[in-house]
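This report describes selected features of helix packing and strand pairing. Please consult the sequence and the structure shown below.

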Amino acid sequence: MSVERDHHVLVFAPIGRDGLASVELFRSSHLEATSCRSLPELVSEMTAGVGAIFLAEEALFGKDTSPLAQWIESQPPWSDLPFVVLTSHREQPAVLAWRRSIVALLRNVSLLERPVQPMTLTSAIQSALRARRRQYEIRALLAAREQAAQELETLVVERTRALAEANEQLRLEMNERARVEETLRQAQKIEAIGQLTGGVAHDFNNLLMVISGGLDMLDRQTDPARRRRLMDGMVQAAQRGASLTKQLLAFSRRQTLRPEPVDVASQMGGMRELLDRSLRGDVHVEFDFPDTLWPVEVDPGELELVILNLAVNARDAMPNGGTILVRGENLPDLNDKQIAGDYVRLSVVDTGVGMGPEILSRVFEPFFTTKEVGKGSGLGLAQVHGFATQSRGTVRIRSEVGQGTSIELYLPRSLSLPARDRDLIDLKMARPKKSNHGRILLVEDDDEVAALVSEMLDQLGYEVTRAASGAAALGALADGRAVDLIFSDIMMPGGMNGVELAREIRRRRSDIPVLLTSGYSEAAVHDAELAGLQILPKPYHIDELAAALSAAKSESGLDTESKRFSRR
């Protein structure tokens, strides 16, 4: 449809001079008009564009009006083409019925009876054209609305795509931030271990001296009392070495925070020796924890790392020595801008050089440090701040130049008992009397360790069969050997570790309990915990071994004695 034809008048009056006279009349009134000589021509011109139609009713007599009716019926919703029809005075019933059908067909009709005045005809056509212009305005509005809707839809699609890209970018940035934070945390752990290296190496050399020297002297002594003293000294040295190793492994382990109820006083007491090894001899550490101190909900390993970081910072702030006070206080119903509820304030106070306001404002920034190059990475206090916030608490620092520094951790109170209090097992039991407690398949690749553990199991009253690998253990079971419990190391050569062996044993012989042991292998230990397997950490005492074996047998749901006798 042409815009130029939107206001065009089509005339269909092929009989007589009405058609030509009407066209001349309309053109004299500055209206574009075209005379059509047939009904098909009229429909064709209407398709090209039209503002109004003037027709004589007799032009439709006897004609097939279906093309015209189809055009009118197919008009878009905004269109209702106006028709001005010139009628006669004939009132016969057939004519009147036909006229009514034509009016129904054309829909928007104005009837003019002959004779009609030129002004009347022109006025009727102009009125029809005005009505048609309003329809075109509606068409323009609908088109504008449709265009706006399409533009809006396009905009929505573009914005949706942009948001999806932004969300993906944000997800990548969050993953990268988490990776960087984990890297920083691990770097801080490595730095903390570096602080311990000198003292721990010195201490381990002393422990090894006690053990190796004691073994050398043991063969030279015949006095039972002196031999007993040498043995006690070596046992104590081994225990101290095991304690230091466990704490070093806890510091170095890469893991997410696992909050649990923690007895602060007990946790700090357990790391006193580690603090003594990492600080100078002129730095004294004091603990001040009331008996009524609440447990807190934190990751115990991360808490120890935080205290170690703060203690090392305090040591460095006291070049001439001094005292570090680690103090705990209950803060019931605490309510300030950052936290609210029951909290424990854990403070690390030193008597060092202190800090001015310009340094205090930046101490929690990653990589900010006042130490010399190579003396610190600037990650310590940033890690402390991250630990406090991740533990649903906060950290605050108070310091004055020459007056020392106090760093305060606010940690949420735990309403649950610490695991140490909840699951405490008294291992100080008497050595069991040697009797037949069952048959154990010991899976251990190290000959010296296997010999020692076999001796311990024999002392506890077990019959021991040793296998040097997982495959050998499965072979022993396949031979139909009677076994009441399998005690296996986690890390072994031969392609099958202790966790995989335990899974295979559960598949073949679910009635046999399995107890695992390990010096250290984080991935395998994690797999064992996921599989619900008990682990006895190395090194262990004979009493701890006895308790672990008893627990493993109890967990199997079968009484060992009953099983043994039922097989005979």
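## The parallel sheet

Two strands pair if DSSP finds at least two bridges between them. Helices (H or I, at least four residues) and strands (E, at least two) are DSSP runs, numbered from the N terminus. Strand β15 (residues 485-489) and strand β16 (residues 514-518) run parallel and are joined by four bridges. I486 has V514 in β16 as its bridge partner.

These strands belong to an open sheet of five strands, ordered β14-β13-β15-β16-β17, with parallel pairing. Its edge strands, each pairing on one side only, are β14 (462-467) and β17 (534-537). From one strand to the next, the twist averages 25 degrees.

## Basis of the model

The model is predicted: local features need pLDDT of at least 70, side-chain atom pairs count only at pLDDT 80 or more, and totals for chains, interfaces and linings use all residues. Residues are numbered from 1 along each chain as its sequence is written, and side-chain values use heavy atoms, with hydrogens and water left out.

## Packing of α2 and α3

The axes of helix α2 (residues 39-48) and helix α3 (residues 66-73) come within 9 Å and cross at roughly 15 degrees. Axes are lines fitted to C-alpha atoms, for helices over the stretch in contact, and angles run from 0 to 180 degrees between N-to-C directions.

In contact (heavy atoms within 4.5 Å), L39, V43, M46 and T47 of α2 meet P67, L68 and W71 of α3.
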